[in-house]
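Q: Hi! Could you walk me through this one?

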Amino acid sequence: MAVVAAVKGQSKSIRMLPQLDDQAAFFNLFTAIPVIVTAFTFHFNVHAIGMELGKPAAMASAVRISLILCALIYFSIGLFGYILFGDSIEADILVNFDEATGSTIGSLLNDTVRLSYALHLMLVFPLLNFSLRSNIDELLFPNKSLLVKDTKRFLCLTFVLLATAYLIAIAIPNIWYFFQFMGSTSAVCIAFIFPGALALRDVHGISSRKDKIIGATMIILALITSTIAISSNLYTLGN
C-alpha cells in the first residue's frame, strides 16, 4: 500500500530526523527506547524453548535468526507505515487501517492487515502466557504438584490470567503508554539489569573482565534511560 501510494504521488512527506521544538521534545525521544526493548524481550522463553528442541545447542542460532527477522519486520512496518500515513500515524497502526479507503482493494487490504495481526496474537500470546502462568503458579503454589498434572489449577489460573489481560486491554486507552511503562520497568530489568547483575555476581567464576564491564555498562545505561523514560511519561500524562 505504501509503494502504490508513493507511485501515485499520494505518500506523505516524511522527515529523516525528529522535530525537536523544546527540551521536552528531546526527552520524549527516550520514550521510544522502552517500546523497542519490549519488542525484543523474550529472554524468559529461551531456555524453555531450547529444551524442546532436538538439539538444544541450536537455540543460539535460532535466537540470532529470530532477532534478524524481527528487526527487519519491525523496521519495514515502521518505515512503510510512516510513508503511508505520515505524522497522522497512530501508536497502534491498526487504528489507521480503520479509515475508509474509498476502494474495494483498499478495504480488502485493510481487512487482511487486521486479520494477519489477529493471527499474530493467536500465535504469540500463548507463548507469553505460558511463561507468565508457570511463574505465577510457582510463586503462589510452591509446594503443589506440577501444574501440568493438576488440570483444575491449570484451567483456573489460565482463566484468571486471560480475564485480567482482557480487562487491562480494555481499560488502557492507548497501547503506547502500556509499552512505555512496561518497557521502562519490567522489560528493562529482564533484558539488561538482571543479565548484567548475573555477570557481575559471577557465582560460578566464569565471567571475564570484559563480561563484567559490559554487564556494568548495561545496568548503568538501563537505569539512566529507564529513569528518563519514566519521567517523560509521567510529565506527558500530567500535561
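Q: Is Ala32 buried, partly exposed or exposed?
A: Ala32 is partly exposed, with a relative accessible area of 30%. Buried here means under 20% relative accessible area, exposed over 50%, and partly exposed in between, with a 1.4 Å probe and protein chains only. This is a predicted model: local features need pLDDT of at least 70 and side-chain atom pairs count only at pLDDT 80 or more, while totals for chains, interfaces and linings use all residues. Residues are numbered from 1 along each chain as its sequence is written, and side-chain values use heavy atoms, with hydrogens and water left out.

Q: Thanks! Which helix is Ala32 found in?
A: Ala32 belongs to helix α3, residues 32–39. Helices (H or I, at least four residues) and strands (E, at least two) are DSSP runs, numbered from the N terminus.

Q: How many salt bridges are there in the whole structure?
A: A search of the whole structure gives two. A salt bridge is a side-chain nitrogen of Lys or Arg within 4 Å of a carboxyl oxygen of Asp or Glu.

Q: What does Asp137 pair with?
A: Asp137 pairs with Arg153, and their closest N and O atoms are 2.7 Å apart. The pair links distant parts of the chain, 16 residues apart: Asp137 sits in helix α6 (residues 104–140) and Arg153 in helix α7 (residues 151–171). Both Asp137 and Arg153 are buried.

Q: And which residue does Asp150 bridge to?
A: Asp150 forms a salt bridge with Arg153, with 2.9 Å between the closest N and O atoms. Shared partners join Asp137, Asp150 and Arg153 into one network.

Q: Switching to α7, how far does it reach?
A: α7 has 21 residues and spans 30 Å from its first C-alpha to its last, close to the 30 Å expected at 1.5 Å a residue. That expected span is 1.5 Å times one less than the number of residues.

Q: Which residues of α7 are buried?
A: Arg153, Leu157, Thr158 and Leu161 are buried in α7. They cover an arc of only 125° around the axis, so they lie on the same side of α7. The arc is that of the directions from the helix axis to the C-beta atoms.

Q: What about the face turned away?
A: That face of α7 carries exposed residues, including Lys152, Phe159 and Tyr166.
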